[in-house]
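Grab a viewer and a pencil, and let's work through a few exercises on strands, helices and chain contacts. Try each task yourself before you read its solution.

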Amino acid sequence: MKHEKEYYEKLGFKCGLEIHQRLLTTEKLFCSCNAINEGKKTGMKVERMQRAVVGETGELDKATGFESMKGRRFIYNVYDISSCLVELDEEPPHKINEEALNISYLIAATFNCNIPDEIEVMRKEVVDGSDPSAFQRTMLIGYGGSLDINGRKINIPSIFLEEESSGIEESNNEKVVYNINRLGIPLVEIDTDPEIKDPSEAKEVAMRIGLLIRLTGKVQRGIGTIRQDVNISIKDGARVEIKGFQDLDSMDEVIENEVERQLKLIEISKELRERHAEVGKAIDATSIFLNTESRIIKNAIKDNGVVFAVKLSGFKGLIGKEINPDRRLGSEISDYVKAVGIGGIIHSDEDLKGYGISEKEIRELSIKLGLEANDGFMLIAGEKEKVEKAMPLAIYRAEYAIKGVPKETRSIDAKKNITKFMRPLPGSSRMYPETDERPILADHELYEKLKKEAPNIDELEKRLNKEIGNRQIVEQLIRSQKLHDYLYISEKIKGEHQLIASILLQKMKELKREGFDVDSIGNDTLICIFKKYMDKKITKQAFEPILKALPKDCKEVERIIEEKGLQRISGSELEKILKEEISKYGNDKGKIIAGVMSRYRFNIDGEEMNKEIDILTK
Amino acid sequence: MYSEEIEKELKKQNIEPGDEIKLISKKGEFKGTLMPRPELGDNSILVIKLENGYNIGIKFEKGSKIEKIKSKSIESPKTISIKHKKELPDIGLIYTGGTIGSKIDYKSGGVFMLTKPEELLAEVPELEGIANIDLNPLMSVASEDMTFVEWQKIAKAVADALKKNRGVVITHGTDTMHYTSAALSFMLNGLNAPVVMTGSQRSSDRGSSDAFMNLICSAHLASKSDIAEVVICMHESSSDTYCSAIRGTKARKMHTSRRDAFKPINNKPIARISREGSIEYTSNYRKVESEKKELKLLIGYEPKVALVKAYPNSDPLIIDYYLSKGYKGIIIEGTGLGHTPVSTQNPDYSWLKRVENAVDSGMIIGITSQCLYGRVNPNVYRNLRLLSNAGAIYCEDMLPEVAYVKLGFLLGNYKKEEAEKLLNVNLAGEITERSEADWFI
């Protein structure tokens with residue numbers, strides 16, 4: 001971590017999480033389509049347009065308005081067993097899936113939530129096309145819960161049960177192609193209050209929540225089945241939602257970079273206000289560039305395209321100011337116009353000659369815009385229709401630079417661990433009741449029963465401490481993704497818990513680092529190896545060569561032992577070998593061991609050997 | 001309505017649904033907007049819209065307290081002012097109700113109809129670039145609640161609208177739209193302009209609604225096409241790409257929920273209309289004639305006609321029932337080529353005598369087929385000949401619902417003998433002479 005806790009406290013750092021986890025049910029939430037098997041494409045495609053409509057409160061949501069402005073076509077690939085008319089918005093939803101409802105109760109119980117007396121199914125408007133109905137069905141299942149972590153209580157104000165969205169297959173400025181096979185798989189969303197104190201705590205809380213829901217055993221595992229969104233703000237900054245963390249390892253770094261970005265934007269806004277900065281009106285500057293040498297502009301205007309320019313009074317030097325590695329205020333503005341299919345903006349803090357823009361063109365533009373010493377400008381070039389859509393967005397973003405940090409939903413650039421603008425932050429006006437479903441009376445009796453079945457970390461920790469007898473390993477195990485493998489294996493093996501934990505946590509990690517794909521070894525194969533050890537067929541040292549050979553099943557384990565000669569030597573056979581060595585080295589234990597181990601490193605158990613030597617040399 | 005106990009408490013605190021409130025109960029403190037109680041479910045449960053947008057239901061129990069934080073703010077309704085554009089054609093838009101102009105009803109938890117079509121127009125700004133719209137918010141009647149009285153009103157409204165406009169769009173609930181389209185096809189005698197009926201299968205309060213495109217395509221059709229017929233214009237497929245215009249007397253709702261529910265039966269669509277407004281004509285139709293023809297309204301209607309289905313074990317006494325109630329005609333939806341049971345082992349199941357008796361008593365009995373596709377025939381089998389000889393009229397390839405509407409229309413405007421003669425004669429495209437090979441599913 002770059003900074004200490006106190007640093008974030010001073011910044012007024014606030015952070016909350018939203019964890020999305022797919023449930024393990026046979027059917028989808030509101031229809032009987034297969035929720036486990038992905039199914040096959042039927043070849044049928046359905047094309048739709050969507051538009052933002054005024055919500056329940058009469059307000060058009062900023063975020064939904066933004067998406068609908070893009071005017072893209074949405075195309076949905078239809079699937080055989082995993083989609084039906086319900087996903088296509090061609091049939092009303094069926095009755096809610098009871099299995100999913102019960103799992104969501106169990107998860108609510110895991111986080112000590114209360115459940116409502118009546119659950120109201122809502123429609124959350126989504127106009128990015130990810131749902132053919134233009135909304136996602138969602139409902140509040142639990143409230144007022146909490147989570148204890150490192151002696152701190154993190155509040156879980158709400159848990160929702162909702163539908164998974166479609167997966168994107170292809171996306172460009174004209175259309176987005178979605179696969180609707182995963183649409184409607186039940187999902188829970190778990191929210192924390194914004195009381196997380198620093199980036200590393202965010203990561204820890206995310207891991208703990210993930211662990212607890214997996215411990216229920218009723219959730220899907222694997223890539224894409226869990227997603228984390230992070231809400232962050234700092235004093236004088238703004239709330240930003242970062243969407244779609246899949247890799248928890250980089251979560252803290254992404255958050256650190258987002259804080260850095262906001263700090264820089266605050267600095268820029270202060271400076272702009274001191275300079276009484278202003279954003280001008282867009283003017284058509286195409287005539288200046290009719291004979292331009294700039295390839296980028298030439299290309300943009302070749303088919304009756306246009307170049308629009310805006311004066312940025314007092315912005316000089318600040319549009320190009322770095323706010324994140326390789327990112328500037330200019331890049332933020334560019335991200336806004338990309339939404340309507342424009343490649344980006346060109347601004348005055350850039351190397352304009354590098355773009356092939358001539359001195360003369362710059363001079364003419366300066367005159368046309370009436371630029372003074374501290375002023376800058378931005379240009380947008382391209383098809384007239386697109387530029388006309390893009391310009392108001394660029395102006396909006398530039399004006400916001402004077403105010404401070406805009407509220408946004410941002411995505412993650414996984415290569416650089418930074419965030420990028422996706423769309424404005426949605427407000428609450430995009431929710432309205434799902435009138436095709438009846439309100440659901442909550443089953444309080446069942447809920448009380450489930451509370452007793454809910455996984456409990458403290459009890460698990462106690463149990464593990466007893467089993468493994470090593471606090472450090474237990475702590476490591478609880479934070480590790482390997483915990484589930486441990487629980488699965490130790491249930492079948494009954495004993496040698498510390499060995500299981502250390503093989504999973506240390507040996508496997510070490511081998512993975514060396515380039516062996518040991519994660520491909522299934523738990524049942526691991527169980528087979530542990531059994532061989534407990535039956536005294538192999539030694540601890542034999543684990544490494546067996547694992548390195550990546551066995552697929554128990555038969556392969558046996559074959560590897562055979563081929564590599566890894567069978568354990570003990571009893572009279574061991575005695576015979578030791579006697580030979582003793583006859584050579586007398587009572588020199590060190591030499592005896594070295595002699596034996598040089599030949600039988602994988603085959604002899606150290607402990608047994610020590611005992612035997614002691615007896616034989618007495 | 002909430003339970004008496006809650007209503008009393010609300011009254012005491014001067015709280016109305018829509019107000020911002022705080023509920024303090026054993027379960028905790030809940031701040032948000034009080035929602036009206038959905039009619040379904042437990043009325044002792046308060047529904048509150050929380051700040052995060054979610055609704056939550058919390059039981060109002062002993063010791064619960066409810067406080068008002070803020071009265072609801074009154075929204076100013078959205079209005080649009082329409083400027084007349086000389087370069088655009090004028091069309092009428094008659095609003096009759098249905099999903100196409102509906103919003104959520106928080107009381108019933110269902111969708112309710114808008115009485116202000118301006119709201120719908122504000123949602124579809126595209127219409128402004130297509131035509132000058134002469135709006136007539138005629139009625140707000142659910143499709144299933146339509147009767148011949150509404151058909152008559154709509155027919156009159158169309159005639160009125162056509163005095164000033166080149167075409168008319170009618171929004172209508174989808175369930176019985178094809179009955180209304182048939183009725184209008186008969187009532188608007190000598191029609192010389194496009195009359196386009198449209199609706200939606202997804203209410204317009206959702207972003208995925210088909211209402212927008214259906215309305216846009218219908219407006220294009222009414223303002224540009226030379227079709228002088230009543231047509232239904234709705235989605236051609238599940239996609240938002242094309243709508244099809246289907247002859248009003250050959251259209252049928254064939255799916256409970258899909259966008260492309262309306263299909264032509266024993267016919268082809270007249271045209272397909274793209275979202276952008278291009279019209280491709282796909283079969284023959286009656287064209288608008290340049291010489292002004294006089295539109296004659298024939299809005300008489302005889303409601304004492306019935307549509308009856310014949311099926312195995314069906315009781316033919318249903319005919320006697322209608323006869324005893326003074327009915328003037330019955331359309332029978334027969335099986336296959338137009339059968340009813342006639343030579344049953346148990347004579348109680350035979351319809352033959354009952355049909356004979358009805359015809360002798362002065363009723364008109366028409367025969368159609370529940371196959372929907374294809375033409376009935378009075379000759380192929382002996383049983384068909386028996387029924388035909390009893391006086392039943394075989395209605396060619398006319399849809400049962402259309403024959404039913406037509407019979408009421410005929411009896412309402414013509415003498416019985418004439419009505420009898422016209423029943424299986426084509427008046428408005430409801431009967432074709434040839435069954436083309438590509439007219440089937």
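First, some housekeeping. This is a predicted model, where local features need pLDDT of at least 70, side-chain atom pairs count only at pLDDT 80 or more, and totals for chains, interfaces and linings use all residues. Residues are numbered from 1 along each chain as its sequence is written, while chains are lettered from A and ligands numbered from 1 in the order in which they are written.

**Exercise 1. The domains**

Task: list the domains of both chains, and find how far apart the centres of domain 1 and domain 4 of chain A lie.

Solution. 
- Step 1: start with chain A, which splits into domain 1 (21-196 + 428-433), domain 2 (272-411), domain 3 (456-564) and domain 4 (571-617). Such bounds come from an automatic or database domain assignment.
- Step 2: take the C-alpha centres of domain 1 and domain 4 of chain A, and you get 65 Å between them.
- Step 3: move on to chain B, with domain 1 (4-70), domain 2 (90-297) and domain 3 (305-422). Here the C-alpha centres of domain 1 and domain 2 of chain B are 42 Å apart.

**Exercise 2. The 10-strand sheet of chain A**

Task: write down the strand order of the open 10-strand sheet, then trace some of its pairings.

Solution. 
- Step 1: recall the terms. Helices (H or I, at least four residues) and strands (E, at least two) are DSSP runs numbered from the N terminus, and two strands pair if DSSP finds at least two bridges between them.
- Step 2: the order in chain A reads β21-β20-β12-β11-β1-β10-β7-β6-β5-β22, and the pairing is mixed. At the edges sit β21 and β22 (431-433) of chain A, each pairing on one side only.
- Step 3: look at β20(A) (residues 408-413). With β12(A) (residues 240-245) it pairs in the parallel sense over three bridges, and R410(A) is the bridge partner of I242(A). With β21(A) (residues 418-424) the sense is antiparallel, over six bridges, and D413(A) stands opposite I418(A).
- Step 4: check the turn. β20(A) and β21(A) make a hairpin with four residues between them, and N417(A) in that turn has a positive phi of about 55°.
- Step 5: further along, β7(A) (residues 152-163) and β10(A) (residues 186-191) run antiparallel, joined by six bridges, with S158(A) opposite D191(A).

**Exercise 3. A sheet across two chains**

Task: which seven strands form the open sheet that draws on chains A and B, and in what order?

Solution. 
- Step 1: read the order as β23(A)-β4(A)-β4(B)-β3(B)-β2(B)-β1(B)-β5(B), with antiparallel pairing. The edge strands are β23 (440-441) of chain A and β5 (65-70) of chain B.
- Step 2: find where the chains join. β4(A) (residues 118-119) runs antiparallel to β4(B), with two bridges between them, and E118(A) stands opposite G57(B).
- Step 3: within chain B, three bridges join β2(B) (residues 28-34) to β3(B) in the antiparallel sense, and G32(B) faces L50(B) across the pair, standing opposite it.

**Exercise 4. The chain contact**

Task: how many residues does each chain give to the contact, and which element of chain B gives the most?

Solution. 
- Step 1: count residues in contact, meaning that their C-beta atoms, placed from the backbone, lie within 7 Å. Chain B supplies 36 residues and chain A supplies 40.
- Step 2: on the chain B side, β3 (45-50) and β4 (55-59) are the elements that give two or more residues. The most come from β4(B), with five.

**Exercise 5. Two helix pairs**

Task: classify how α4(B) packs on α9(B) and how α13(A) packs on α14(A).

Solution. 
- Step 1: axes are lines fitted to C-alpha atoms, for helices over the stretch in contact, and angles run from 0 to 180 degrees between N-to-C directions. Under 35 degrees counts as roughly parallel, over 145 as roughly antiparallel, 65 to 115 as roughly perpendicular and the rest as oblique.
- Step 2: α4(B) (residues 177-187) and α9(B) (residues 400-413) pack at about 40°, with axes 9 Å apart. So α4(B) is oblique to α9(B).
- Step 3: the axes of α13(A) (residues 483-493) and α14(A) (residues 497-513) come within 10 Å and cross at roughly 150°. That angle makes α13(A) roughly antiparallel to α14(A).
- Step 4: name some residues. Among those of α13(A) that meet α14(A) are Y486(A) and I489(A), and the α14(A) side includes I500(A) and L504(A).

How values were computed: Two residues are in contact if their C-beta atoms, placed from the backbone, lie within 7 Å.
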